[in-house]
Amino acid sequence: MTEVIRPDICVIGGGSGGLSVAAAAAAFGVSVVLIESGKMGGDCLNYGCVPSKAIIAAGKAASTMRHADKFGIKSVEPEVNFKKVHDHIHSVIGAIAPNDSVERFTALGVKVIEAHGKFIDKETVIAGDYEIKARRFVVATGSSAFVPPIPGLDKVEYLTNETLFDQTRRPAHLIVIGGGPIGIEMAQAHRRLGSEVTVIEGFKALGKDDPELAEVVLRNVRADGVQIMEGAKVVEVAQKTKTTVKVTVETDDGTKDVVGSHILVATGRAANINGLDLEKAGIKFERTGIKVSNALRTSNKRVYAIGDVAGGFQFTHVAGYHAGLVVQSILFRLSGKENRDIIPWATYTDPELAHVGLNEEAARKRNGDVTILRWPYAENDRAQAERKTEGLVKIITNKKGRILGASIAGHGAGEMINVFSLAVSQKMKVQDLRGYIAPYPTMTEISKRAATSFSAPMTRKPFVRRIIGFLRMFG
Ligand SMILES: Cc1cc2nc3c(=O)[nH]c(=O)nc-3n(C[C@H](O)[C@H](O)[C@H](O)COP(=O)(O)OP(=O)(O)OC[C@H]3O[C@@H](n4cnc5c(N)ncnc54)[C@H](O)[C@@H]3O)c2cc1C
């Protein structure tokens, strides 16, 4: 028999976004129902960020062994036990899983329903044995791997992010279709763990990032031995032998066949909107996701949509940011608006690639006259000591020095971008970055040096040179 419940908030989807809404609302003593049809923790914990970063860490360990000679330690070819790499990945997931578990959320006061949720009208969702009539609904159903309609793909076994991390045997030759962040991260990790890897990208690999910085990363990924084919369109896939698959690609130089043992499809994400019966709730959507206002409201005023399903930037920290805005709106009637200009992202290749704010092209379009500041890793003492000298920090400012955006390619870029995320979100100027003291020797000094170079043209002015000369005379 169906039980009718009337909570303040009903969240559909127990991933990064949904869990954050549920935890925050429960902390304020608000009644919350959370519906999850798969694994608590969603993509990030089970099939995304966490397992991908765990396999990247394993690949890095293997690479360190291979290149230890630059530190005076004999390099060795590591013996990779892929089953144990698999176990490492799953033990990392296991260590984090209790934070996202049904038990933890139940203890927080959330009613968790483990079932598929869907709308039956504008104010009701059904899930399992429950009919939920909430004051507000939050759709946080995430996204899944987008599988393009390539002829023959449906007739072979292929991997997506949902199955890749279940592999207990090393793919002999992994063919990655798609050269975006997920494809390139997984290509490098698998190559470092001993697989042959070919990436096939229809346009430009890492094409959403600044080409100058993406090139630094791609050069290194290629140096690891990953074959990256760009401007290569997959036209057909077929089983070649019992253990091999053939991928036919069209390039400017004609048609080529790539033969490998496994295919990973990493051609983007599709919002999880099927099966929600959004039409019954009057919720408008398009191919990329549920249509939302900048306050994340859908066309049904009771319903919000957050995270990947809302069709914007698809990252865990964005789902968390959305959750914060929605909780403020529902609990305190504060109408916060999403500001996409302050959202950072990072690709966890080696070296890493990170960005926040406007890129050079967008900044020129919006501001006309902009200043580009660059500082190379090679000029940093710590980078020299660590032998991580590849890469650069690039800052984009307006004429007055306000930081409009920054990109970093290099060791620890995902960590180093934090200071620029703060700078962009707080509308800081390069002068502010000059005014704090960075401990020596740290790679963050690179960012400070790049900021300091904003004044370099000043130091060429005669009167400034005279002052500098005068100061030097007195030590
Ligand atoms: C390989 C890979 C690596 C990634 N790496 C990073 C990274 O390093 N950093 C980063 O920021 N982001 C990364 N991401 C992206 C990140 O995983 C997503 O942006 C994030 O998980 C989105 O959170 P969400 O809450 O929108 O959706 P999810 O976390 O996917 O949660 C949605 C949940 O809803 C459930 N659900 C769906 N439909 C229903 C329904 N009808 N009823 C009930 N439940 C339902 C699903 O089972 C799922 O658990 C990565 C993604 C992938 C695939």
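1. A residue is called buried when its relative accessible area is under 20%, exposed when the area is over 50%, and partly exposed in between, using a 1.4 Å probe and protein chains only. By this scale Leu296 is buried, since its relative accessible area is 0%.

2. Some conventions apply throughout. This is a predicted model, in which local features need pLDDT of at least 70 and side-chain atom pairs count only at pLDDT 80 or more, while totals for chains, interfaces and linings use all residues. Residues are numbered from 1 along each chain as its sequence is written, and side-chain values use heavy atoms, with hydrogens and water left out.

3. The overall form may be considered next. The radius of gyration is taken over C-alpha atoms, and the globule rule is 2.2 Å times the number of residues to the power 0.38. For 475 residues a compact globule would have a radius near 23 Å, and the 25 Å of the chain agrees with this. Along the principal axes, the C-alpha atoms fill a box of roughly 90 × 60 × 40 Å. Buried residues make up 48% of the 475 residues.

4. The chain has 15 helices and 25 strands; helices (H or I, at least four residues) and strands (E, at least two) are DSSP runs, numbered from the N terminus. A contact means heavy atoms within 4.5 Å. Of the contacts with a separation of 6 or more, 62% are between residues 24 or more positions apart.

5. The loop between β19 and β20 contains Leu296. The phi of Leu296 is near 70 degrees, a positive value in a residue other than glycine. Lys291 lies in the loop between β19 (289–290) and β20 (303–305) and is partly exposed, with a relative accessible area of 40%. Leaving aside neighbours within four places in sequence, the contacts of Lys291 include Glu286, Arg297 and Thr298. Lys291 and Ala305 are 14 residues apart in sequence, and their C-alpha atoms are 8.2 Å apart in space.

6. Most residues other than glycine have a negative phi, and most peptide bonds are trans. Arg333, which is not a glycine, has a positive phi of about 55 degrees; Arg333 lies in the loop between α8 (316–332) and β21 and counts as exposed at 70% relative accessibility. The peptide bond from Asp350 to Pro351 is cis, with omega near 5 degrees, and Pro351 is in the loop between β21 (345–347) and β22 (352–357). The bond from Tyr440 to Pro441 is also cis, with omega near -10 degrees, and Pro441 is in the loop between α12 (430–434) and α13 (444–452).

7. A disulfide is a pair of cysteine sulfur atoms within 2.5 Å, and by this rule the count comes to one. The link joins Cys44 to Cys49, with an S to S distance of 2.5 Å, and is left-handed, with -130 degrees about the S-S bond. Cys44 counts as buried at 14% relative accessibility, whereas Cys49 counts as partly exposed at 28%.

8. His190 is found in helix α6 (residues 181–192). At 1% relative accessibility, His190 counts as buried. Not counting residues up to four places away in sequence, His190 touches several residues, among them Ile55, Phe82, Leu164 and Val197.
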